[in-house]
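Hi everyone, thanks for making time this morning. I'd like to walk you through one model and the places where its chains meet. Let me put it up on the screen.

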Amino acid sequence: MLGIPDPWVLTAYLLVPAGALLCIAYGASKWNKEGTVTEEELQEERTWLKEEIEIDEELTGEEPK
Amino acid sequence: MNLFLLTVVIIIYLAVVSYLGYQGYRNTKSSLDYNVAGRNIHPYIMAMSYGATFISTSAIVGFGGTAAQFGLSLLWLTACNIWIGIFIAFVFFGKRTRRMGLNLDAHTFPEFLGKRLRSVFVQRFMGIIIFLTMPLYIAAVLIGASRIMEGLLRIDYNLAVVLFTILVAAYVIFGGLKGVMYTDALQGSLMFIGMVVLLIAVYFSLGGITPSHSALTSLASQIPEGLRKIGMTGWTQSPVPGSPLFWILYSSLVLGVGVGVLAQPQLIVRYMTVKSNQELNRAVIIGGAFIMAMTGTAFIVGALSNVYFVNTYGKIALATVGGNVDTVIPKFIADFMPSWFGYLFMLVILSAAMSTLSSQFHALGTSIGRDVYGTTLKGQDKSKAWEILVTKLGIVIGLIITVYLAYHLGESVIARATSIFFGLMASCFLAPYAASLYWKRLTRKGAISGMMAGFIVSLFAFLFLHISESKVFGVAKLIFGRDSLLSGSAVFIDPLVFALPVSVATTVLVSLLTEVEDPEYVEKCFKGI
């Protein structure tokens, strides 16, 4: 099949698009799920991001303000 | 290839990338002022950033060349890249890492485990291991990019290394580590287009999917004697089970990199940039398609380049390039594709290299600056200026080691260097990391023991068992009078095969034998999970 005589190698070849399809099916089926974010989480995110920006600035040699 | 035109194209490309990075950085920063949800990264950007960081010149040039040598069996690695590197990584590791990372306010992989386990030792130990070994992987990426420059521009390899290093240094110095996710998204998109064009062109020119594979199958009689001896039976056939090639292919390349991806410091931080699991779910779609187009194309094209080289030069790929597998893809692109594609591919390669390098240097800098030096400042008057200095110094030292390695590692080395790094990360950190996410019964002592066990077994295997490294180090020969304590094909079994199970067993056993240090704190870590 597909010019690949070894079933073991053929399996790998087919698992590649199969995996991509699985990813697409999973993402599509969960498209609108698990999107709720609490106010507390938002606040934690802001703290997290502030520090993340500081790290980026440190890496480029700026003293964080 | 017209050097002037290429220089203009590269300058425009770098200008666009830098502008995008700066804008992305500014947007992120201003989002704080407007009280917008912080980690509001679009799933497309997150997935592309993860993908572009994951896939580098090592995967395209190094592993593509390895596929030219060993054949389509390497597609098992692509399958692992998608099933493990994307699906399992995002769904089973990503979601929990995102939530727990937020609970712990963690920004690096060492910090994540260090805070989860309430252990500064863990954070420092991980920081040191990452700092010391990351240059090997950075070198693999640098060598891949330099080989492409050598092949497409027909310049000396040593000059290519210098030119690319200058490019990287300039990128890092002029703020290239800021807003990387936005530039990653552009770079990932370029990589996607370039690789899809390449795959279609190759299949089309060789007469379609089945005829091209059949032509590859028919080349089995041309397998070099050296490869036949170690177990190769064909480019569309798996190696003889238990043969040296079987272990090299499946234990080092497929397992090492395929599983090792789960414990990559520069990838784990990407999960924390999205605001909810919904974004991760959506990112799975892009990630799966992206990886298929990346390593899928690289390995198929790499293997099929043999058909092209035999038709054109009467010799297989390896023979055409004189034995250095790292130069197969550059030679193939230069010969096979029209020159306009050479320009596009140069951008693809620049993108693949830059997106990975920026994250590698980010991980390298933070590992020494934040995770090692930063943790010594606790309770003292925190001088950020010193931390910045250590971070910058760390990046400079890392760059110097990388360039040294790029000159001295030799030929056909990209895939090996990458798999050593990936395997080592998994051997040391995967068990404690997975347990941290899923097992409240994990104890600090259990995690540290698992980490140390994985590290010690890996080190032992590199010095005394796995012949590719033990022969170079020479310690086994000095003490025992032989290159490896194992014999036969077993000398090719990757250290990961020994180290990971030992690390898992140690983590579980020691945890079960000890008490959870602070159950209340563990509950806090798992809040919202």
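Let's start at one contact: I55(A), E58(A) and L59(A) in α2(A) meet H362(B), G365(B), T366(B), G369(B) and R370(B) in α16(B). By contact I mean C-beta atoms, placed from the backbone, within 7 Å. Helices here are DSSP runs of H or I with at least four residues, strands are runs of E with at least two, and both are numbered from the N terminus.

Before going on, some housekeeping. This is a predicted model: local features need pLDDT of at least 70, side-chain atom pairs count only at pLDDT 80 or more, and totals for chains, interfaces and linings use all residues. Residues are numbered from 1 along each chain as its sequence is written, while chains are lettered from A and ligands numbered from 1 in the order in which they are written.

Back to that pair of helices. The axes of α2(A), residues 39-59, and α16(B) come within 10 Å and cross at roughly 95°. Those axes are lines fitted to C-alpha atoms over the stretch in contact, with angles from 0 to 180 degrees between N-to-C directions. The two helices, α2(A) and α16(B), are therefore roughly perpendicular, a label that covers 65 to 115 degrees.

Now the whole interface. In total, 56 residues of chain B are in contact with 46 residues of chain A. Which helix of chain B gives the most to the side that touches chain A? That is α13(B), with eleven residues. By type, this side of chain B has 21 nonpolar, 25 polar and ten charged residues. Here Ala, Val, Leu, Ile, Met, Phe, Trp, Tyr, Cys and Pro count as nonpolar, Asp, Glu, Lys and Arg as charged, and the others, Gly among them, as polar.

So what does α13(B) look like? Its 37 residues, 277-313, should span 54 Å at 1.5 Å a residue, and the end C-alpha atoms are 52 Å apart, which agrees. The expected span is 1.5 Å times one less than the number of residues. A kink of about 30° is centred on L304(B); the bend is the angle between axes fitted to the seven residues ending there and the seven starting there. Of the 37 residues in α13(B), 32 are buried, meaning 20 or more other C-beta atoms within 10 Å, where 12 or fewer is exposed and in between is partly exposed.

Conventions:
Contact = placed C-beta atoms within 7 Å. Parallel < 35°, antiparallel > 145°, perpendicular 65-115°, else oblique.
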